[in-house]
Amino acid sequence: MSFYLTEEEIQQMRTNGYIGPFDLYERDEILEKYKNIRAKMFDRKNAAYDLEHTSVVSGYDRHLDIDALSEHVMNPIIVNKVNSILGPDLICWRSEMFPKYPGDEGTDWHQADTFSHASGAPQIRWPGESDFGGAITVWTALTDVSEEVGCLCFIPGTHEEMYYDESKDMEYTPDEVNALEKDGVKRGFFGYDYRNLQKDPSWKPDESQAVPIKMKAGQFVIFWSTLMHSSLPNITKDQTRLGFAARYVPAAVDIYPDTDSVTEYGSELSLERYGVVSVSGERNDSHNRVLDESLNGFSFER
């Protein structure tokens, strides 16, 4: 069975920069997965990076050691839809866990092209000296996501022009987490001020065009990383929002070029155990290390 996007959905993606939400897991299934994943998050013996739980990036690439997430990034319902956008030869190059606890600030408006905004060096490089590429992000709700708990927000149609220069410097200031307020709303960027990357310091996103993306647990939305996106604060007192983002690019894209470690958000990540996951098509081992199985022994068999 195939799960590709329809021609109409592909056109929506081209126009708006996002598509969805789509149903993926039944209610009982996602509740069980949520409990399993939350429990495994605290077991780091096979994690790709030697980090403390308190690190902002402790949720990076847990698809490399948590079986439920390894299985998730290869789910054909997701992969076929991303194939419709990026073609048959596809790799998952990163995943991130995004918890938002009661009282947490929103995430500021941002775009990601080379993903060098925090590390200072390009983390993905498209072939042919392309200076504009980005990645496809598949953001899955592990809990119900309302505006009150801090849902994603998109500004449709902003994915084809970069308003930020990721090569500019941003200073990591962890004391500003949950302390920045912009236009009366608490929002920052995990210890950075993303406004420092604006090409035009006086420019502001047109928030009148923003669309809140409310989702049920078990649904996912697909969007270009270059789409202007943010999230709202969690204004509840007792509800945690948990989302899982898997990032995909064509197999020809060079991942972490010319580096063996990444330093960002106050942590250093050694890439010694890292590898991309080939989820469909030709794997192209010439420039990326491709893992046949996870660090937990899960086979990435398609």
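Author: A definition comes first: Asp, Glu, Lys and Arg count as charged, Ala, Val, Leu, Ile, Met, Phe, Trp, Tyr, Cys and Pro count as nonpolar, and the others, Gly among them, count as polar. Please keep in mind throughout that this is a predicted model.

With these classes in hand, we can begin at the second largest pocket, whose volume is about 200 Å³. Its lining is made up of 14 residues, and those that lie nearest its centre are Asp-183, Arg-195, Gln-198, Lys-204 and Pro-205. Sorted by class, the lining of this second largest pocket has seven charged residues, five nonpolar ones and two polar ones.

From there we can turn to the largest pocket, which holds about 1,100 Å³ of space. This pocket is lined by 48 residues, and the closest to its centre are Val-56, Met-97, Phe-98, Pro-99 and Phe-190. Several elements give two or more residues to that lining, namely H2, strand E2 (90-100), strand E3 (106-110), strand E5 (136-141), strand E11 (229-231) and strand E12 (241-250). The largest share comes from E2, which supplies six residues. By class, the lining of the largest pocket divides into 22 nonpolar, 16 polar and 10 charged residues.

A pocket is open, whereas a cavity is a space in which the probe fits but from which it cannot get out. The structure holds one cavity of 30 Å³ or more, and about 40 Å³ of space lies in the largest cavity. Around the largest cavity stand Tyr-25, Ile-30, Lys-33, Ile-37, Ala-68, Leu-69, His-72, Leu-142 and Phe-244. Helix H2 (27-41) and helix H3 (67-73) each contribute at least two residues to this lining, and H2 is also among the elements that give two or more residues to the lining of the largest pocket. The lining of the largest cavity consists of seven nonpolar residues, one polar residue and one charged residue.

To complete the picture, we can look at where side chains pack together. In soluble globular proteins, nonpolar side chains tend to be buried together. Here the largest nonpolar core has 74 residues, and the members that touch the most others are Trp-93, Tyr-248, Ile-255 and Tyr-274. Leaving aside residues up to four places away in sequence, Tyr-274 touches Tyr-49, Asp-61, Leu-64, Trp-93, Ile-255, Tyr-256 and Arg-289. A second, separate core of 14 residues includes Cys-151, Leu-152, Val-221 and Phe-223.

Definitions and conventions:
Residues are numbered from 1 along each chain as its sequence is written. This is a predicted model: local features need pLDDT of at least 70, side-chain atom pairs count only at pLDDT 80 or more; totals for chains, interfaces and linings use all residues. Side-chain values use heavy atoms; hydrogens and water are left out. A nonpolar core is a set of buried Ala, Val, Leu, Ile, Met, Phe, Trp, Tyr and Cys residues joined through side-chain atoms within 4.5 Å. Buried means under 20% relative accessible area, exposed over 50%, partly exposed in between (1.4 Å probe, protein chains only). Contact means heavy atoms within 4.5 Å. On a 1 Å grid over the protein atoms alone, a cavity is a set of points where a 1.4 Å probe fits but cannot get out, and a pocket is an open set with protein on both sides within 12 Å along at least five of seven lines; lining residues have an atom within 4 Å of a point. Grid points are joined across faces, edges and corners, and a volume is the space filled by probe spheres set on the points. Helices (H or I, at least four residues) and strands (E, at least two) are DSSP runs, numbered from the N terminus.
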